[in-house]
Amino acid sequence: MTCHARQTAGQNPRCTARSAADAGGLLPWTTLEDRPCYDMGDGAGYITRVTDIVEGPLLDMAAEQLAHAADLLADNRAPSA
């Protein structure tokens, strides 16, 4: 979900597009211009908690996919590319 969508929904996030050099915490959504969105807070606020809720399942799915890929690579019966 974009920062704009969250603002429209009345959630008022504190995020903005910034350069990587001075970035706060990278959020798992983008701006309307499809640029990275960063949390400008102190890491203990509402947006940080929402980010943790969104990222948790994403990280779990990524771990499952990596485990599945490792199983396939270890299986000698799997065809090679």
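Here are some friendly questions and answers about this predicted model.

Q: How do you know that Asp-39 counts as buried?
A: Compare its value with the cut-off. Asp-39 has 7% relative accessibility, and buried means under 20%. The value falls under that limit, so Asp-39 counts as buried.

Q: Where in the secondary structure does Asp-39 lie?
A: Asp-39 belongs to strand S3, which covers residues 36-39.

Q: Why is the link between the side chains of Asp-39 and Thr-48 called a polar contact?
A: The two side chains are joined at 2.7 Å. A polar contact needs a pair of N or O atoms within 3.5 Å, one able to donate a hydrogen and the other to accept it.

Q: What makes Leu-27, Trp-29, Cys-37, Ile-47 and Val-50 a nonpolar core?
A: These 5 residues form the largest nonpolar core. The name calls for buried residues of kinds that include Leu, Trp, Cys, Ile and Val, joined through side-chain atoms within 4.5 Å. Strand S2 (25-30) and helix H2 (46-74) are the elements that each give two or more residues to this core.

Q: What pattern does the protein follow along the sequence?
A: The order is α-β-β-β-α, and the secondary structure comes to 2 helices and 3 strands.

Q: How much of the protein is buried?
A: Of the 81 residues, 19% are buried.

Conventions. Residues are numbered from 1 along each chain as its sequence is written. This is a predicted model: local features need pLDDT of at least 70, side-chain atom pairs count only at pLDDT 80 or more; totals for chains, interfaces and linings use all residues. Side-chain values use heavy atoms; hydrogens and water are left out. Buried means under 20% relative accessible area, exposed over 50%, partly exposed in between (1.4 Å probe, protein chains only). Helices (H or I, at least four residues) and strands (E, at least two) are DSSP runs, numbered from the N terminus.
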